[in-house]
Amino acid sequence: MAQQELKRGLSNRHVQLIAIGGTIGTGLFLGSGKAIQLAGPSIILAYLIVGIAVFFVMRALGELLLSKAGYQSITDIAEDYLGPRFAFVTGWTYWFCWIMTAMGDVIAVGVYVQYWFHIPQWIPALVSLMILLGLNLLTVKIFGELEFWFALIKVITILVLIVIGIILLVMGFKTTQGMVTFKNIWEHGGLFPNGITGFLLSFQMVVFAFVGVELVGVSAAETSNPEKNIPSAINKIPLRILFFYVGALIVLLCINPWTELNAAESPFVKTFSLVGVPIAAGIINFVVLTSAASACNSGMFSTSRILYSLSNHNQGPSNFAKLNKNHVPGNALWISTLVLSVGAILTKLIPEQAFGIVTTISAICFIWVWGVILVCHLRYKKKRSELQAKSNFKAPLTPFINYVVLILFAIILIIMLFAEATRSALLLTPLWFILLFIWYSYRRKKKKILHYQHRINH
């Protein structure tokens, strides 16, 4: 039996840095360029709104995870409160979420490598996948160490950006784009230069920037002390949002007028190139490259663990429940990586549209998963009031805030329907859910027939 259990090889520092890694990724380093083009300086408000909503989702998830020792994933929670059908759909959707997110990261790797080498984007994308697969097949501790150092690089980079920004502001430094000043935030068309429409259209990319924060929940099965580590990681999310997103974006917009930033490139690389240090832009490009690799690494970890969990609950092929000698779900890792390689193919077929398509689908599917967490929390509060009374990590402002955040998510989906860039992906995504419900019904019917035949034979 010991061979068939995930090894609890993650320490507190691993979990804390995985949580940071989940809140800083490709959505911030690359996607923020597109979001700034849409919203202008009001992007800061968009990140703040979605960040607060995601924090309340995480508090609900934290309380649910700690309410029952047997919970190892979001699927377990969905099965308990919404039944096996929704658990099946949510589990496979969560796997699909991370597949789409990691595809976005794989595409980003190809984009960043273009800074140094003019080679087809799919080549570095595929190479990075193979390297990460090899490392993930070893032990969960190696995954934790990788994320620890990847996340540390991201933290130091944003810290350096903010410190340099403050120094330039105090000095009144002048770049080729003009003076570094707070006035750059509102002097180029105001806070809402593209009106309320541009502000609303930015929400899709902002949601994508936050996908993965719930990874701390998925890693609960492999942490040595969940009662201490999960609340600690979740409670630090607001400070991380203020520092890494709001703080970094304010500095970016003080150094660069938003009109000078390009949607197709990282605003971080652009900003450091303006500082005047010749190698700065190259160093930052390396950092954002490692950030994309880090996010892809998280994607591999989570997709393999989700497949493992689904198979253990008889919701997926039994082969995915097998662990290798290092207590890692090797088969699940291989199949997830194989599907992820579609991202490399997309960079070859549609290099311009690939990133936008996968990030939109990822954002839509994550909204489903976050919505399920909030609905489960509402049912937990109603059906398990005795557990809620004993909870040492109660989610604040419930049930009111659950409904507010669910309404916000519904509004974001409606905005995506009206936006030309996201409409096609939004209209296609329901096909995934329809297929899952049909697949579940087929599996259930097949089990009933087999059960009936077994009774006749005996």
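A salt bridge is here a side-chain nitrogen of Lys or Arg within 4 Å of a carboxyl oxygen of Asp or Glu. The structure is a predicted model, in which local features need pLDDT of at least 70 and side-chain atom pairs count only at pLDDT 80 or more, whereas totals for chains, interfaces and linings use all residues. Residues are numbered from 1 along each chain as its sequence is written, and side-chain values use heavy atoms, with hydrogens and water left out.

| Salt bridge | Closest N and O atoms |
|---|---|
| Lys68 with Asp80 | 3.3 Å |
| Asp80 with Arg384 | 3.4 Å |

Asp80 lies in helix H5 and Arg384 in the loop between H17 and helix H18 (385–390), so this pair ties together parts that are 304 residues apart in sequence; helices are DSSP runs of H or I with at least four residues, numbered from the N terminus.

The side chain of Thr90 reaches the backbone oxygen of Phe86 at 2.7 Å. Leaving aside neighbours within four places in sequence, Thr90 is in contact (heavy atoms within 4.5 Å) with Ile74, Ala78, Trp368 and Val372.

Helix H16 (residues 330–349) has 20 residues and reaches 29 Å from its first C-alpha to its last, close to the 28 Å expected at 1.5 Å a residue, where the expected span is 1.5 Å times one less than the number of residues. Among the buried residues of H16 are Gly330, Ala332, Leu333, Ser336, Thr337 and Leu340, and what covers the buried residues of this helix includes H6, helix H7 (122–136), helix H15 (280–312) and helix H17 (354–383).

Note on methods. Polar contact = N/O pair within 3.5 Å; in protein donor to acceptor, adjacent residues only side chain to side chain. Helix = DSSP H or I, 4+ residues; strand = E, 2+ residues; numbered from the N terminus. Buried < 20%, exposed > 50% of the residue type's maximum accessible area, 1.4 Å probe, protein only.
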